[in-house]
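The following paragraphs are to be read alongside the sequence and the coordinates.

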Amino acid sequence: MGKDFKSMVTRCIYVGKENGNAKKLKTMTEELRDLHNNVMKRVKMYEDQQKLKRLEKVQVWLRQSDAAIKEAEEMLMMYVSSSSFSNGSTVMISSSHKVDKKICKMLKEVQEIKSRGTFDVVVENSGVVVGGGSMMVSTVDRDDQTVGLEAVSGLVWRCLTVDNTGIIGLYGVEGVGKTTVLTQVNNRLLQHKSNGFDFVIWVFVSKNLNLEKIQDTIREKIGFLDRSWTSKTEEERAGKIFEILSKKRFALFLDDVWEKVDLVKAGVPSPDGQNRSKIVFTTCSDEVCREMGTQTKIKMEKLPWERAWDLFKKNAGEETVKSHPDITKVAQEVAAKCEGLPLALVTIGRAMASKKTPQEWRDALYILSNSPPNFSGPILAISLQHIIVSFI
């Protein structure tokens with residue numbers, strides 16, 4: 001009896017420990033999902049706006065990560081179910097123990113896939129590879145994708161060349177072109193080999209701020225590959241990053257910032273006239289600009305109608321738009337529904353390029369008219385994908 005009780009206690013302790021693994025798996029799965037969405041966002045940006053092709057290895061990773069996320073979520077649901085119905089019996093604990101073993105195995109798989117999710121290049125075009133992270137060098141004609149954004153890009157570039165501004169904030173509603181401008185500036189900087197910067201670093205921040213993830217990305221870009229990194233505390237990681245960056249001139253690009261990023265905690269030295277480093281970030285919030293201590297704040301506005309219409313026609317095709325008087329009229333209404341947002345104008349314009357009859361355009365206008373009242377907000381890209389599917 002005593003031996004059975006001891007065995008039961010041992011198993012219960014084991015289950016308690018494995019509950020920790022379930023929590024780790026949940027956290028790691030969420031991080032993998034964020035990384036998956038980040039990579040997909042970069043890939044879709046190039047595919048939709050520049051008609052480039054994703055690399056095979058990137059496609060394989062996206063497929064593997066998506067499958068792993070779904071499997072992990074199903075496993076966690078099984079775990080919750082087995083834990084909920086466990087009544088302490090040896091049979092039920094044994095069943096839970098089997099699920100726990102699967103969780104441990106799944107945790108390792110998710111970690112392994114996540115470790116392979118950092119890509120310097122994500123797409124290619126006619127044998128020329130262009131990048132994702134901090135190596136995004138595009139050979140596509142800039143005017144084709146950034147109508148109305150050249151002035152903003154030029155302004156940010158000038159900020160990089162003067163010493164009296166270290167932190168630059170780009171803000172405006174989602175879809176207005178902030179990431180495109182940031183990408184342009186990053187591209188231009190990388191194309192100039194003698195740009196004066198020792199490190200050019202790109203970090204996708206996203207809504208769920210994760211300081212450890214930011215530190216991991218920075219340390220990879222500055223070449224700190226010591227295996228002891230994973231065992232370091234947040235403060236130790238920050239110290240190592242600061243030690244390296246404080247001796248160098250760097251340009252740090254932070255995309256999609258939703259709340260203040262504590263640069264001190266991350267280990268990033270403050271830009272000043274002496275180190276001449278720069279930090280440029282994008283956000284939807286004017287408040288975030290203030291909290292980040294922005295020295296130069298640039299608001300990005302929606303395109304005026306003339307420029308919006310030009311961008312839409314360029315992507316839908318002048319020939320298509322002018323092929324029938326009724327199409328021209330409806331096309332203007334469709335373009336107006338995009339509310340001056342470059343992302344919507346480009347995406348929907350290209351989706352309509354193959355539509356040659358007035359009825360197809362009227363159908364598209366009906367779908368847009370019955371979509372959410374505006375394209376602003378964090379679900380813009382997802383909303384556009386659903387709308388495009390409806391067009392097909």
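Valine 257 has threonine 283 as its bridge partner in β7. The coordinates that show this pairing belong to a predicted model. Valine 257 lies in strand β6 (residues 250-257), which runs parallel to β7 and is joined to β7 by five bridges.

Threonine 283 is also the bridge partner, in β7, of tyrosine 171. That pairing belongs to strand β4 (residues 167-171), which pairs with β7 in the parallel sense over five bridges. Within this pairing, leucine 170 stands opposite threonine 282 of β7. β4 also pairs with strand β8 (residues 296-299), again in the parallel sense, over four bridges. There, tyrosine 171 has lysine 299 of β8 as its bridge partner.

How far are these strands enclosed? In β7, six of the six residues are buried, so the strand is largely enclosed by the rest of the structure.

The strands are part of a protein with 15 helices and eight strands. Of its 392 residues, 48% are buried. Among contacts with a separation of 6 or more, 76% are between residues 24 or more positions apart.

The helices may be taken up with α10 (residues 305-316), in which lysine 313 lies. At 1.5 Å a residue, its 12 residues should span 16 Å, and the end C-alpha atoms of α10 are 16 Å apart, which agrees. Ala308, Trp309, Leu311, Phe312, Lys313, Asn315 and Ala316 are buried in this helix. The buried residues of α10 pack against α11 (318-321), α12 (325-337), α13 (342-351) and α14. Lysine 313 may draw attention as a member of the buried set; it counts as buried because its relative accessible area is 14%, and the cut-off is under 20%. Beyond its neighbours within four places in sequence, lysine 313 is in contact with Glu318 and Val321. Just after α10, glycine 317 takes a positive phi of about 100°.

Helix α14 (residues 358-369), one of the packing partners of α10, likewise has 12 residues, which at 1.5 Å a residue should span 16 Å; its end C-alpha atoms are 16 Å apart, which agrees. The buried residues of α14 are Pro358, Trp361, Ala364, Leu365 and Leu368. They cover an arc of only 120° around the axis, which puts them on the same side of α14.

Neighbours within four places in sequence aside, tryptophan 361 is in contact with Phe312, Ala316, Thr320, Ile327, Val330, Ala331, Val334, Met352 and Lys355. In the largest nonpolar core, which has 45 residues, Phe253, Phe312 and Trp361 touch the most other members. A second, separate core has 27 residues and includes Ile222, Ile241, Phe281 and Met292.

Ile241 leads on to alanine 266, whose contacts, not counting residues up to four places away in sequence, are Leu211, Gln215, Ala238 and Ile241. Alanine 266 is placed in helix α8 (residues 263-266). Is this residue buried or exposed? Alanine 266 is buried, its relative accessible area being 0%. In sequence, alanine 266 and phenylalanine 242 are 24 residues apart, yet in space they are 8.4 Å apart, C-alpha to C-alpha.

It remains to consider confidence. The protein averages a pLDDT of 78, and 77% of the residues score at least 70. Confidence is highest in strand β7 (residues 278-283), at a mean of 96, and lowest in strand β3 (residues 128-131), at 35. Over residues 126-147, pLDDT stays under 50, although the model has 73 contacts for them beyond four places in sequence. Residues 88-94 also stay under 50, with 13 contacts beyond four places in sequence. Where pLDDT is low, the predicted coordinates should not be read in detail.

Definitions and conventions. Residues numbered from 1 in each chain as written. Predicted model: local features only at pLDDT ≥ 70, side-chain atom pairs only at ≥ 80, totals over all residues. Heavy atoms only, no water. Helix = DSSP H or I, 4+ residues; strand = E, 2+ residues; numbered from the N terminus. Buried < 20%, exposed > 50% of the residue type's maximum accessible area, 1.4 Å probe, protein only. Contact = heavy atoms within 4.5 Å. Core = buried A, V, L, I, M, F, W, Y, C linked by side-chain atoms within 4.5 Å. pLDDT = per-residue confidence, 0-100. Expected span 1.5 Å × (residues − 1). Arc of directions from axis to C-beta. Pairing = 2+ DSSP bridges.
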